There are 2 protein chains.
Amino acid sequence: MSDWIAPDWIAADWGTSRLRVWAIGADGAILDRRESDAGMGGLAPAGFEPALLALIDDWLTPGRATDVIACGMVGARQGWVEAAYRPLPCPPVGPPLTPAPVSDPRLSVAIVPGLSQTRPAADVMRGEETQIAGVLAAAPNWDGVVCLPGTHSKWAEVSAGEVVSFRSFLTGELFALLAGHSVLRHGMGDGWDEAGFDAGLAEGMARPEALTARLFGLRAEGLLSGLAPDTARARLSGLLIGAELAAAKPWWLGRDVVIVGEGRLAALYARGLVAQGVAARRAPAEAATLAGLARARSLALPPAAAGAP
Amino acid sequence: MSDWIAPDWIAADWGTSRLRVWAIGADGAILDRRESDAGMGGLAPAGFEPALLALIDDWLTPGRATDVIACGMVGARQGWVEAAYRPLPCPPVGPPLTPAPVSDPRLSVAIVPGLSQTRPAADVMRGEETQIAGVLAAAPNWDGVVCLPGTHSKWAEVSAGEVVSFRSFLTGELFALLAGHSVLRHGMGDGWDEAGFDAGLAEGMARPEALTARLFGLRAEGLLSGLAPDTARARLSGLLIGAELAAAKPWWLGRDVVIVGEGRLAALYARGLVAQGVAARRAPAEAATLAGLARARSLALPPAAAGAP
């Protein structure tokens, strides 16, 4: 069924729980895309090359080392090889990339380093820097704020082509822990209630300091007034995102904000910002990742290297 | 080894994870105390009577039904029998207690109902009402605020012998989830660092709205500057308790506060309040529970019942 393809290079987004790869043609077109659950979280160092080959073996050309440019937790200390954080301020991606040890001569793997910040608060990112680079690749002279929703959501200020500051929030992980593993799990549904989200958002924004009391309040409302499970789940999401937006106010108030993502989580952040009068633009996550990885490759390799024997 | 004892009645504190019982003499003295891990969380309705008998069988007298007065999650909907919440404002304990179904004629079990509040925010408690009653038993005319640290810590305002308002915080459960099950677990020790706690407390008090960002900051500091695991754990505790104290300010500012508990958690709340210039008194938890259960029994039973055949 599948046609034989020989990509110019291969893009890889290798997170804690998933591995996604794209075969990229010489003209930059996406020739194919695949993914697996071989995330960094479940792999020992020796497991990375086999996990990658399991997805891309038939994309490789005998006698030639095809470049694989990877971003994400694959470069963490517990990953394939540690790609040391680059300290701010700096462009979101830049040389050198970190080579990963491979035994297959058809492979050449390089990992994009994450970013770190020590002031005004210690913070790190790994993977998001590539998406920020992708946003900048589409608008090189743009200054503004990139919002990256996720397990550990991030707000990054970009100016003159550099990331100058960012801040991470544990919002996504807190939602998963609270909905799945806390006392609140007893009253959580799988569905959604948009009005419940809006109510939680307003509560979280108005009194972010009361978050831990509001959380228990969801349980109490479930016991006392039969709060609908879908409403409880949406309220929880709204409370947490609302508290994040309250704390992140300096990042979005009067700023030009781009939200990376097209899924439901990004839509919730956009909805929250609209409620504050901020019309954030949206950037598709896959396009941002691929543009960022292409940018990282172009900066890292000398011009002749891509075609070298 | 053990002497035979015939308690006048038996006090039981039956929470989600533990069952604690005390044999009480006719003069109110504690004749014996025992406990097991037969918490409500692991029992089906039919399992409660056997779990209780496993601890107290030799305390019972053939031919006589000994009263067991129980408080805590044993009275939850998923417990032995549901003891419906009593709505505020009301005395912390009061008739009627809820009888639990027993088959052993030597047993008569009654459960203390919890308290509920619908305004200004939905909230519930189950077990803490008994400790509040114990605090009031020692000082019947006292007006003030009772702080009850725990998995779901509570602040209760008491006036003219009634609980008029209270608020619960998910602080303790959040600490357990974050320290044991979030990304922060990678940098958590088993020890403690008092200065780390104080630093977290100050951060949490000063900017409670930034809690979810500060949480991720602990992970970042671990990666970037090798934050000591014991310091990280103490900072996490301080951040969460600090955020609670910030949100609970109306409960303690200029108020007469009693903290129930003699353990480390209660000491941390006391330390946090002292940092704000509030010298809260401490009430031992066991004494409060037993005094509250005795109070519940005295209110629930007609004067002759205790000695009835």
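How many salt bridges does the rule find across the interface of domain 1 of chain A and domain 2 of chain A? Keep that in mind as the tour starts.

**Before you click**

This is a predicted model: local features need pLDDT of at least 70, side-chain atom pairs count only at pLDDT 80 or more, and totals for chains, interfaces and linings use all residues. Residues are numbered from 1 along each chain as its sequence is written, chains are lettered from A and ligands numbered from 1 in the order in which they are written, and side-chain values use heavy atoms, with hydrogens and water left out.

**Stop 1: the two domains of chain A**

Select residues 1-114 of chain A for domain 1, then 127-308 for domain 2. These bounds come from an automatic or database domain assignment. The C-alpha centres of the two domains of chain A lie 26 Å apart. Now show the contact (heavy atoms within 4.5 Å). Domain 1 of chain A gives 26 residues and domain 2 of chain A gives 24 residues.

The buried area here is about 2000 Å², and carbon and sulfur atoms give 71% of that. Buried area is the accessible area (1.4 Å probe) that two parts lose on being put together, summed over both. Pick Leu88(A), Pro92(A) and Val93(A). They supply 29% of the area that domain 1 of chain A buries against domain 2 of chain A, more than any other three residues.

**Stop 2: charges between the domains**

Back to the opening question: the rule finds 3 salt bridges between domain 1 and domain 2 of chain A. A salt bridge is a side-chain nitrogen of Lys or Arg within 4 Å of a carboxyl oxygen of Asp or Glu. Over all chains, the structure holds 36 salt bridges.

Zoom in on Arg33(A) and Glu286(A). They form a salt bridge, with the closest N and O atoms 2.8 Å apart. Arg33(A) lies in strand β3 and Glu286(A) in helix α9 (residues 285-300) of chain A, so the pair ties together parts that are 253 residues apart in sequence. Helices (H or I, at least four residues) and strands (E, at least two) are DSSP runs, numbered from the N terminus.

Next, colour β1 (9-14), β2 (19-24), β3 (30-36) and β4 (66-71) of chain A. Each supplies at least two residues of the side of domain 1 that touches domain 2.

**Stop 3: chain B against chain A**

Show both chains. The contact takes 40 residues from chain B and 40 residues from chain A. About 3400 Å² is buried between them, with 71% from carbon and sulfur atoms. Select Thr212(B), Phe216(B) and Leu224(B). These supply 19% of the area that chain B buries against chain A, more than any other three residues.

Which element of chain B gives the most to the side that touches chain A? Select α5(B): it gives the most, with 12 residues. Look for salt bridges between chain B and chain A, and the count is 0.

**Stop 4: down the axis**

Chain B can be laid on chain A with an RMSD of 0.0 Å, by a turn of 180 degrees and a shift of 0.0 Å along the axis. The superposition is by least squares on the C-alpha atoms of residues with pLDDT of at least 70 in both copies. The two copies are thus related as by a two-fold rotation axis. Centre on Glu209(B). In chain B, its C-alpha is nearest the axis, 2.3 Å from it. The same surface serves both copies: 100% of the contact residues of chain B recur in chain A.
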